[in-house]
Each structure stands twice: as structure tokens, then as C-alpha cells.
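I opened my notebook to work through this structure step by step, writing down what I looked up and what I found.

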Amino acid sequence: MDNNLPAAAFGHFIMKVNDIDISYQFYTKLGLRPFGIFPDLAIIELRGGTHILLFSKNDELASSLSSSHLGQLGASFNEQLDLMIDGKSRSDLELYRATLMEKGLSVDAIAQDQFFGHYYFQLADPDGNGITVYTSHRGDLAV
């Protein structure tokens, strides 16, 4: 075990969406790794091995996830997802942003201010879930 790394990593993030296929394509356009579409579930992988599990909002399993589990928002809330690119500079973020726009995604301008040393911009997924994309601040995040 590497003592320089934290003891745990974020494994899965459950997201309930209106259309699994549309959301799967959207997150793939963000540059996340498509893992697979299965009956009633799609999986997208982020750098470092974290998975976003996409369930239908109408799926019985997805509904049961929010009923009694701590830390999960009810159906009336939209999710907020923060992503961090491998680049550290504003120009790295500008390049990533331009790539998303070339793929047809609608993204906000890069914010004029920084958030604790991060450059960032925002966009929304097909369900209106907010996404903020930040620059990295540490070299070991590029796993």
C-alpha cells in the first residue's frame, strides 16, 4: 500500500437520469471513458477509476436508492458534479472547453476569478444537473 495516497478513493457516484442513452453519450463527449450500457444501467469511468452509475429516474431500483440512504438527495434535487481535468493552466482548460464546444456541447465561459487556485467553467447535462470543470492543482491527480 502506498502511504502517500489517501486510504480510500471515491468508487461510485449514482446519478438518476431521464434517458440513460442520452446521458451516456453526453458524459462520453466530456471525455469520460464509456464502460458499458446494460439493462437499466450505464457506467462511465473517470480518471482514477471512479464510476458514474447512470440509472433511469423511473427505475424502481433508482427510486429505492434515495428513500433511506444517508447522503443521497431526493428526487426533487438536481445533482452537482465537479470534474477536474489533467491540466493546471487556464490554457489547458481553454483547450478542453474548445474540444467540448466542437462536440456540440453548450458550455459557459471560463470564470474571471479562480476558486482556491482553480480555473473553472460550468455546464449542465441533459437533465439539468450542474457540472463544474476545474483545472487540477496537484500532479498526483493525473492517475
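The entries below go from the sheets to the helices and then to the core.

**Entry on the model.** I noted at the start that this is a predicted model.

**Entry on the four-stranded sheet.** I looked up how the strands are arranged, and I found an open sheet of four strands in the order S1-S4-S3-S2, with mixed pairing. Strand S1 (12-17) and strand S2 (33-38) stand at the edges with a single partner strand each, so one side of each has no neighbour in the sheet. On average, neighbouring strands of this sheet are turned by 20 degrees against each other, direction ignored.

**Entry on its strand pairs.** S1 and S4, in contrast, pair in the parallel sense over six bridges, and within S4 the bridge partner of Lys16 is Phe55.

**Entry on strand S4.** Is S4 mostly covered or mostly open? I found that six of its six residues are buried, which I recorded as mostly covered. His51, Leu53 and Phe55 point one way from the strand, while Ile52, Leu54 and Ser56 point the other way, and all of them are buried.

**Entry on helix H1.** I looked next at the start of H1, where a side-chain oxygen of Asp19 comes to within 3.0 Å of the backbone nitrogen of Asp21. After the helix I found Gly31, whose phi is positive, near 100 degrees. Which residues of H1 are buried? I listed Ile20, Ser23, Tyr24, Phe26 and Tyr27. These residues lie on the same side of H1, because they cover an arc of only 165 degrees around the axis.

**Entry on the three-stranded sheet.** I found another open sheet, made of three strands in the order S5-S7-S6 and again with mixed pairing. Its edge strands are strand S5 (80-84) and strand S6 (120-124), each of which pairs on one side only. The twist from one strand to the next averages 20 degrees. Helix H3 (residues 90-102) packs on this sheet and touches S6 and S7, and its direction makes about 20 degrees with that of S6. S5 and strand S7 (residues 130-134) pair in the parallel sense over five bridges, and Met84 stands opposite Tyr134 in S7.

**Entry on the core.** Last, I looked up the largest nonpolar core, which has 27 residues, and Tyr27, Leu30, Ile52, Phe121 and Ile131 touch the most other members. The elements that give two or more residues to this core are S1, H1, S3, S4, S5, H3, S6 and S7, and H1 gives the most, with four residues. For Ile131 I also checked the contacts, leaving out residues up to four places away in sequence, and found among them Phe26, Tyr27, Leu30, Leu81, Leu83, Phe121 and Leu123.

How values were computed
Residues are numbered from 1 along each chain as its sequence is written. This is a predicted model: local features need pLDDT of at least 70, side-chain atom pairs count only at pLDDT 80 or more; totals for chains, interfaces and linings use all residues. Side-chain values use heavy atoms; hydrogens and water are left out. Two strands pair if DSSP finds at least two bridges between them. Axes are lines fitted to C-alpha atoms, for helices over the stretch in contact, and angles run from 0 to 180 degrees between N-to-C directions. Contact means heavy atoms within 4.5 Å. Buried means under 20% relative accessible area, exposed over 50%, partly exposed in between (1.4 Å probe, protein chains only). The arc is that of the directions from the helix axis to the C-beta atoms. A polar contact is a pair of N or O atoms within 3.5 Å; within protein, one must be able to donate a hydrogen and the other to accept it, and residues adjacent in sequence count only if both atoms are side-chain atoms. A nonpolar core is a set of buried Ala, Val, Leu, Ile, Met, Phe, Trp, Tyr and Cys residues joined through side-chain atoms within 4.5 Å.
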